[in-house]
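Please consult the sequence and the structure shown below while reading.

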Amino acid sequence: MKLQLKGVTKRFGTFTANDRIDLTVQPGEIHALLGENGAGKSTLMNTIYGLYSPEEGEILLDDKRVTFNGPGDAVEAGIGMVHQHFMLIPVFSVTESVMLGYEPTKTAGIIDFAEARRRVQEISARFGFDVDPDAMIEDLPVGAQQRVEIIKALSRDARVLILDEPTAVLTPQETDELIAIMRQLKESGTSIVFITHKLREVRAIADKITVIRRGKIVGEALPDSTETELASLMVGREVNLTTQKDPAEPGDVGFSVQDLTVVSRAGKVVLDNVSLDIARGEILCVAGVDGNGQTELAEAILGLREAVDGTITLDGTNLRRMSVKDRLNAGIGFVPEDRSTDGVIPAFSITENFVLDQYDQQPYSNGVAMKPSVMREAAVEQTSRFDVRLGTVDDPISTLSGGNQQKVVLAREMSRDIRFFLASQPTRGLDVGSIEFVHRTIIEERDKGTPCLIVSTELDEVSNLADRIAVMYRGVVVGIVPGDTDRDVLGLMMAGVPVEEAYAQAKDHHTILGGADEGAQA
Amino acid sequence: MSTEKKNNDPAEPGGALKEAESRLHYAVRELSQSSWVITLLSVVVALVVGALLILATNPQVQSTMGYFFAQPGDFFLTSFEVIRDAYSALFRGAVYDWQAATPERSIRPITETLVNAVPLILAGLGIAIGFRSGMLNIGGQGQIILGATCAAFIGYAYQLPLGAHLLLALVGGALGGAIWGGIAGVLKAKTGANEVIVTIMLNNIALYLLAWLLRQQWFVQTGSNQPISAPVEDSARLFGLLGGGFRLHAGILLAIAATVFVWWLLERSTLGFEFRAIGENPEAARTAGVNVPKATALVLIIGGGLCGLGGAAHLLGTEYRLGAGIAGTLGFDAITVALLGRSKPLGTFLAGVLFGGLRAGGVLMQAQTGTPIDIVLVLQSVIVLLIAAPPLVRAIFFLPNPDGKPRSTGRRRLRNQQAAEAAEQPTPTQEVSK
């Protein structure tokens, strides 16, 4: 089906989220919509899917004008959407999930399970999906859950499929499978709109690329554009995708974790005998698919989660039995994974957030009373040093963009004397400019001789920063490999394949994205 | 690039006039966002509702209704007079009575208002600390009872020098409340028990504990079977400030001091920073090294202490004897006071004075105009109801909704700044294709 947008404009108050968007997706085309976080991609897709109604402009399907009053209308018209966060119910079976809301019924409104099951089987056979219709959603790996979402859309006869950041949760190998599915759908004439901010994928998959920035279309590109060209189009200026860094000069071991074991409240071992040594002046990145124990590792190191066994050693002191405050005072600088819940207090001022974990320390207080003028002065000085764009430091931090909030967090952690730097997903949700800045700051900290541990699920970030990479899978460190290790090897290790075997397998089988890598730096 | 700038800069086209207009719009918006305006308007609406109720129940007005269509003027005139009389009596009873015989009597109402306000302010501050720390302390009633009980017992069971006796009684009252609040605090900190449920239960326990104590001879020390205690010694009483015919006592100084203390605690002390942090975002507070269980317990201990102090001041300054009804509805009114005061120290102080005034004025209103004092309760309830529903107040007064974007100056500033950034950046290539 051909999807056409003509001058679609969506405003929220005086803020224009989409400004006169023209877009044409031909039948059987994979059309990538590329843009930074907050550029307006999701708003546009939600408009197409009937969740928002546009102020101006029109949507045409096969040259016929359509208006949607809700997702129901859009689905009726043949538009399907797979959201970034899956809309599935964990305790439902695949069949139940697929039919939810569109249950086939027999007489007297009784649900026809057999018919629903047959439909799931038929679709998954047609595209070789390999999904068991009776499996429970919660038992399926993320890649399979995504396939269920796609089946759901297809079972409602979607001929335009919108995929919102579909690869965010997948390993490179799972991404490969998704790409294969997308190509198959394309063969059968389904149009696909594919939203992403990852340049590598766009070049590997898309037939056509539309770049959107601040709610406007700023250009179209073909997949053979270089990543640098795409990035500067997306950001609006020249960008360096790789951060300049000198080779590490590792000193002696500054921070070490030995045999660390953490058990979840439900009694599951989430961190199993993890041992890591980090030298002074070295960045160790922990890679892995989300939910393989990285979060627990960071929390156990800071003391938010109790370890049942093992040692956490900083400069020869075992921190394991200390409180969070004592660990912070011992010199851990911590950037949490989820900035808005753990990193900042949105309603507090920038100054208050700047002293959030040092509020009772010199020079900001004498232990009983705080010293607002000292706090404010330091906040002004450090936020300008970290280039935080703000009105005044007395504004609530919620008025800042994500990137600037993160800079405040970094300023807080790095403006004191730290002996070890720990960051979880330090650039999640940030724009390209802020990512550059954060990476540079972390490398500067390394060059000061601080051992750094960075947890990241973004392979780009890991390759960019790491001197060494530890890959985690189901709470275990699969292996520790050099920083310039091939992406395919890392991908296999992220799926639990041991180091040597991963090297051997990667030699024989290149992923599509890995292959795309070769031409990337042209 | 020039087109881009135009679209991002809200102040670009139209020039100065448009900018001024949007500024004005902004001021209105900010004002309506400000909770003080909502609070004030809520009071206005409450007075209107109160007036309607007065009319509905007034016999004179009802009789004019009988011939409304014959002589509507009568109805309106009578209505006006009834409302004027009722509210002027309310005012004269609460602030300044210009009809009083002597100058002393005419300023007496305001002192009565302050007398009523003392326990409300102290307990309201205790509740407000809880609100600011994310805890709903519904246990003001129980904490006030415990405070009053401890203060009373120290006040009549011991003979101590002047000064010391009063101090000990006040400290004892605060401790009683602190222990009662602390039970809920420690339970919440250790086991995660919901403080709302625990404090409500503790209210009942306190009530029956008091009832039991009042039947024990070792406790009441009166030699009679009446469930009321002996009066506290003079040395333990909060001394009068104006002498003679006035009941105003040193408790008001205590309330002022407590207000300043709570401001300092919340805004300037490291402990208050912890309190506010756990109130806004306990996860971030924990990550920042705050001992959340300890802070949780301390919030309810200090809050309970202030409520206890309120109970003590009420007993040592006004009642002198401990009876089963010592707390009246103080504990629940204190919650209302803290709500009305937006959980800010100064706001709570003013709200306490307002409620004290309504109570003092209600008495005169009932005595002089026959308007039932229950109207005061209606006023209080309507005020709280409206404050809890700002959109309703905005709808009544046609104020713009502050949730419409752009939301705040900060956001606007940010967007201006982004536009400025965009203007600085080099022009991108518009098409890339090879």
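Which residues does A:Ile278 touch, not counting residues up to four places away in sequence?

## Surroundings of A:Ile278

The model is a predicted one. In it, A:Ile278 touches A:Val253, A:Gly254, A:Phe255, A:Leu284, A:Phe420, A:Pro451, A:Cys452, A:Leu453 and A:Arg468, with residues up to four places away in sequence left out of the count. The residue belongs to strand S12 of chain A, which covers residues 269-279.

A:Ile278 has a relative accessibility of 1% and therefore counts as buried, the cut-off being under 20%. Between A:Ile278 and A:Thr24 the separation is 254 residues in sequence and 51 Å in space, taken from C-alpha to C-alpha.

S12 takes part in an open sheet of 4 strands of chain A, ordered S12-S11-S14-S15 and paired in the antiparallel sense. S12 and strand S15 (317-318) form its edges, each pairing on one side only. Within the sheet, 5 bridges link strand S11 (residues 253-263) to strand S14 (residues 309-314), again antiparallel. A:Val257 has A:Ile312 in S14(A) as its bridge partner. In general, strands of a sheet pair through backbone hydrogen bonds, either parallel or antiparallel.

Strand S1 (residues 3-12) and strand S2 (residues 15-25) of chain A run antiparallel and are joined by 7 bridges. A:Arg11 is bridged to A:Thr16 in S2(A).

## Domains and nonpolar cores

Chain A is divided into domain 1 (3-235), domain 2 (240-331 + 420-522) and domain 3 (346-416). The centres of domain 1 and domain 3 of chain A, taken over C-alpha atoms, are 41 Å apart.

The largest nonpolar core has 157 residues, of which A:Phe421, B:Leu316 and B:Leu322 touch the most other members. At least three residues of this core come from each of domain 2 and domain 3 of chain A. Apart from it there is another core of 49 residues, including A:Val120, A:Leu178, A:Ile209 and A:Val432. In soluble globular proteins, nonpolar side chains tend to be buried together.

B:Leu322 is in contact with B:Ala148, B:Thr149, B:Ala152, B:Leu210, B:Leu214, B:Phe219, B:Pro227, B:Ile228, B:Ser229 and B:Leu315, leaving aside its neighbours within four places in sequence.

## Chain B

Chain B contains 19 helices and 0 strands. Of its 434 residues, 48% are buried. Contacts between residues at least 6 apart in sequence join residues at least 24 apart in 73% of cases. The chain exposes about 20300 Å², with 65% of this supplied by carbon and sulfur atoms.

Helix H14 of chain B (residues 292-319) has 28 residues and should span 40 Å at 1.5 Å a residue; its end C-alpha atoms lie 39 Å apart, so the two values agree. H14(B) is mostly covered, with 23 of its 28 residues buried. After H14(B) comes B:Tyr320, which has a positive phi near 65°.

B:Thr64 is located in helix H4 (residues 59-66) of chain B. Its relative accessibility is 4%, so B:Thr64 counts as buried. Not counting residues up to four places away in sequence, B:Thr64 touches B:Asp74, B:Phe75 and B:Thr78.

Terms used. Residues are numbered from 1 along each chain as its sequence is written. Chains are lettered from A and ligands numbered from 1 in the order in which they are written. This is a predicted model: local features need pLDDT of at least 70, side-chain atom pairs count only at pLDDT 80 or more; totals for chains, interfaces and linings use all residues. Side-chain values use heavy atoms; hydrogens and water are left out. A nonpolar core is a set of buried Ala, Val, Leu, Ile, Met, Phe, Trp, Tyr and Cys residues joined through side-chain atoms within 4.5 Å. Buried means under 20% relative accessible area, exposed over 50%, partly exposed in between (1.4 Å probe, protein chains only). Domain bounds come from an automatic or database domain assignment. Contact means heavy atoms within 4.5 Å. Helices (H or I, at least four residues) and strands (E, at least two) are DSSP runs, numbered from the N terminus. Accessible areas come from the Shrake-Rupley method with a 1.4 Å probe; for residues, only the protein chains shown count as cover. Two strands pair if DSSP finds at least two bridges between them. The expected span of a helix is 1.5 Å times one less than its number of residues.
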